[in-house]
Amino acid sequence: MGSKNKLKRFKENETFENVFQPTREEVVGGDFPLRGKWNSGFFKNDNPVVVELGCGKGEYSVGLAARYPDRNFVGIDIKGARFWRGAKTAVEEGMHNVAFVRTQIELINYIFAENEVDEIWITFPDPQIKYKRTKHRMTNSEFLKLYKKILKPEGVVNLKTDSEFMHGYTLGLLHGEGHEVLYANHNVYKNEGAPEVVTAIQTFYENQYLEINKAITYIRFKIK
């Protein structure tokens with residue numbers, strides 16, 4: 001994507017009421033106004049709050065919001081030029097139950113208060129296969145501790161990935177640390193029983209994976 005396109009998208013994001021682009025200083029300084037107030041301050045309802053981490057183009061956040069109008073969705077990504085597409089679609093289609101925040105995932109406890117989130121989705125994250133990149137894997141122990149802080153006691157996490165490595169690493173970690181695996185499937189489009197929500201929404205890249213018969217895996221779990 002050219003720099004002119006990126007600048008244009010950043011500018012357009014500023015006009016969207018469903019996009020928030022706080023500076024890191026504002027976030028870390030505790031100045032993000034919707035922390036603890038997503039229901040009352042933005043969505044204006046008491047519906048469950050569902051967060052997609054690393055939302056990319058926002059396809060999953062928008063897809064979920066369309067299917068579940070009685071839930072609120074917040075997509076998180078540091079690349080605003082990417083989620084511009086999802087934000088624009090939501091605006092064009094008059095969807096009021098989806099929003100996007102441009103920030104780093106390690107700062108989510110400054111974006112959401114304790115027990116504010118009902119559910120988390122992690123869709124096709126970079127598996128960070130090299131050992132020295134372990135700290136960047138989105139299901140490592142430190143990230144799980146972060147998620148637990150913002151999740152309600154019965155909150156759940158969903159991981160959907162094309163990476164067998166990420167699937168296996170996460171399952172091993174969950175079992176090793178005593179978390180509760182509610183469901184696991186190493187090929188959701190071939191094996192019966194996958195929840196409909198997992199197969200009903202497909203991202204641009206997911207469609208590419210399916211065209212070359214790459215298995216899509218899924219884990220649903222609770223953090224203890």
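Guide: Start with the surface. The chain exposes about 11500 Å². Carbon and sulfur atoms supply 49% of that area. Keep in mind that this is a predicted model.

Visitor: What makes the chain as compact as a globular protein of its length?

Guide: First, the make-up: the chain has 10 helices and 8 strands. Its radius of gyration is 17 Å, and the globule rule gives 17 Å for 224 residues, so the chain counts as compact as a globular protein of that length. The C-alpha trace spans about 40 × 40 × 35 Å along its principal axes. Buried residues make up 50% of the 224.

Visitor: What share of the contacts with a separation of 6 or more joins residues 24 or more positions apart?

Guide: That share is 76%.

Visitor: Why is Ala 66 called exposed?

Guide: Exposed means over 50% relative accessible area. Ala 66 has 52%, so the label applies. Ala 66 sits in helix α4, residues 59–67. Its C-alpha atom is 13 Å from that of Gln 202, a residue 136 positions away along the chain.

Visitor: How do you know that Glu 196 and Arg 67 form a salt bridge?

Guide: The rule asks for a side-chain nitrogen of Lys or Arg within 4 Å of a carboxyl oxygen of Asp or Glu. Here the closest N and O atoms are 2.7 Å apart. The pair passes.

Visitor: Why is Arg 67 called partly exposed?

Guide: Buried means under 20%, exposed means over 50%, and partly exposed is in between. Arg 67 has a relative accessible area of 35%, so it falls in the middle class.

Visitor: What makes Arg 71 and Glu 119 a salt bridge?

Guide: Their closest N and O atoms are 3.4 Å apart, within the 4 Å limit. Arg 71 lies in the loop between α4 and β3, and Glu 119 lies in strand β5 (residues 117–123), so the pair ties together parts 48 residues apart in sequence.

Visitor: How many salt bridges does the rule give?

Guide: The count comes to 12. There is also a network of salt bridges, linking Glu 12, Arg 85, Lys 88 and Glu 92. As for charge overall, the chain has 32 positive and 29 negative side chains. The centres of the two sets lie 6 Å apart.

Visitor: Why is Asp 77 said to have no salt bridge?

Guide: Check the distance. The nearest side chain of opposite charge is Arg 82, at 5.0 Å. Asp 77 is placed in strand β3, residues 72–77. Beyond its sequence neighbours up to four places away, Asp 77 touches residues including Gly 54, Cys 55, Phe 83 and Arg 102.

Visitor: What makes the phi of Lys 44 worth a remark?

Guide: Most residues other than glycine have a negative phi. The phi of Lys 44 is positive, near 60 degrees, and Lys 44 is not a glycine. Lys 44 lies in the loop between α3 (38–43) and β2 (49–53). At 62% relative accessibility, it counts as exposed.

Visitor: What is the phi of Asn 213, and why is Asn 213 called exposed?

Guide: Asn 213 has a positive phi of about 60 degrees, although it is not a glycine. Its place is the loop between α10 (204–211) and β8 (217–222). Its relative accessible area is 65%, so Asn 213 is exposed.

Conventions:
Residues numbered from 1 in each chain as written. Predicted model: local features only at pLDDT ≥ 70, side-chain atom pairs only at ≥ 80, totals over all residues. Heavy atoms only, no water. Helix = DSSP H or I, 4+ residues; strand = E, 2+ residues; numbered from the N terminus. Buried < 20%, exposed > 50% of the residue type's maximum accessible area, 1.4 Å probe, protein only. Rg over C-alpha atoms; globule rule 2.2 N^0.38 Å. Contact = heavy atoms within 4.5 Å. Areas by Shrake-Rupley, 256 points an atom, 1.4 Å probe, with all protein chains shown as cover. Lys, Arg positive; Asp, Glu negative; His and termini not counted. Charge placed at Lys NZ, Arg CZ, Asp CG, Glu CD.
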